[in-house]
Amino acid sequence: MAAGSSELRQWLQAHGLRPTGPRLAILGFLRARGEHLTPAEIFEGLRAAGRPISIATLYQNLQALSRGGLVKRIVGPDGALRYDVNLAPHHHLVCQRCGRLVDVELSGPIATKPVAPHAGDLAGWEVVSVHVQFYGLCPQCAGSRRSEEGPAANRGPLPGDGNGRRRPRLTG
Ligand SMILES: [Zn+2]
Ligand SMILES: [Zn+2]
């Protein structure tokens, strides 16, 4: 979806935010990239695109956009805060190694209704949304792990004690 600046302007105004230059630049950049970016990545990206803004301006405006409901904040397994412009309900698949995060839909038998382990613990709760996070390795990280491990990773099971079975080791 190509987002013209007049569309972004209207979108900001509809959420009660003034369409300032930095806000238009941040939103336009996030929507064009379609990724979940950290403030540092947005800062670098805007600078590379020839529309630099200061870190302070960036943080102030990300906060305003988030409060206005125009971006969502997500924290990945690396603890880094990322910004998402996809406001439709969706879930995420996260790379455990580099923190890259992609949008996913749910498929198959996944329970999305909370059940308390002890009856009554959820009394009075009102559930408003569900966010499921899957963890894994992105293609780049999975590829580099395979090359680090090398062919030794493909070796068979370890030899047993000679009787074809291994003694369980009791500890503690
Ligand atoms: Zn990765
Ligand atoms: Zn997302």
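**Packing and pairing in the chain**

Biologist: How do H3 and H4 lie relative to each other, roughly perpendicular or oblique?
Modeller: The class follows from the crossing angle, where under 35 degrees counts as roughly parallel, over 145 as roughly antiparallel, 65 to 115 as roughly perpendicular and the rest as oblique. The axes of helix H3 (residues 39–48) and helix H4 (residues 55–67) cross at roughly 120 degrees and come within 11 Å. H3 and H4 are therefore oblique.

Biologist: Which pLDDT do local features need in this predicted model?
Modeller: Residues are numbered from 1 along each chain as its sequence is written, while chains are lettered from A and ligands numbered from 1 in the order in which they are written. In this predicted model, totals for chains, interfaces and linings use all residues, side-chain atom pairs count only at pLDDT 80 or more, and local features need pLDDT of at least 70.

Biologist: In which order do the elements run from the N terminus on?
Modeller: The protein chain has five helices and five strands, taken as DSSP runs numbered from the N terminus (helices H or I, at least four residues; strands E, at least two). From the N terminus on, their order is α-α-α-α-β-β-β-β-β-α.

Biologist: How many nonpolar residues does the contact of H3 with H4 have?
Modeller: Pro39, Ile42 and Phe43 of H3 meet Ile55, Leu58, Tyr59 and Leu62 of H4, contact being C-beta atoms, placed from the backbone, within 7 Å. Ala, Val, Leu, Ile, Met, Phe, Trp, Tyr, Cys and Pro count as nonpolar, Asp, Glu, Lys and Arg as charged, and the others, Gly among them, as polar. The contact of H3 with H4 has no polar and no charged residues, and its nonpolar residues number seven.

Biologist: How are H1 and H2 oriented to each other?
Modeller: Helix H1 (residues 5–14) and helix H2 (residues 21–33) have axes that come within 10 Å and cross at roughly 110 degrees; axes are lines fitted to C-alpha atoms, for helices over the stretch in contact, with angles from 0 to 180 degrees between N-to-C directions. Ser5, Leu8, Arg9 and Leu12 of H1 meet Arg23, Leu24, Leu27 and Gly28 of H2. By class, this contact has four nonpolar, two polar and two charged residues. H1 and H2 are therefore roughly perpendicular.

Biologist: How many charged residues are in the contact of H2 with H3?
Modeller: H2 and H3 pack with axes 10 Å apart, at an angle of about 100 degrees, which makes H2 roughly perpendicular to H3. H2 contributes Ala25, Ile26, Phe29, Leu30 and Arg33, and H3 contributes Ile42, Gly45 and Leu46. By class, the contact of H2 with H3 has six nonpolar residues, one polar, and charged residues numbering one.

Biologist: Which residue in the turn between S1 and S2 has a positive phi?
Modeller: Strand S1 (residues 72–75) and strand S2 (residues 81–84) pair in the antiparallel sense over four bridges, where pairing requires at least two DSSP bridges. Ile74 stands opposite Arg82 in S2. The two strands form a hairpin with five residues between them, and the positive phi of about 80 degrees belongs to Gly79.

Technical notes:
Contact = placed C-beta atoms within 7 Å.
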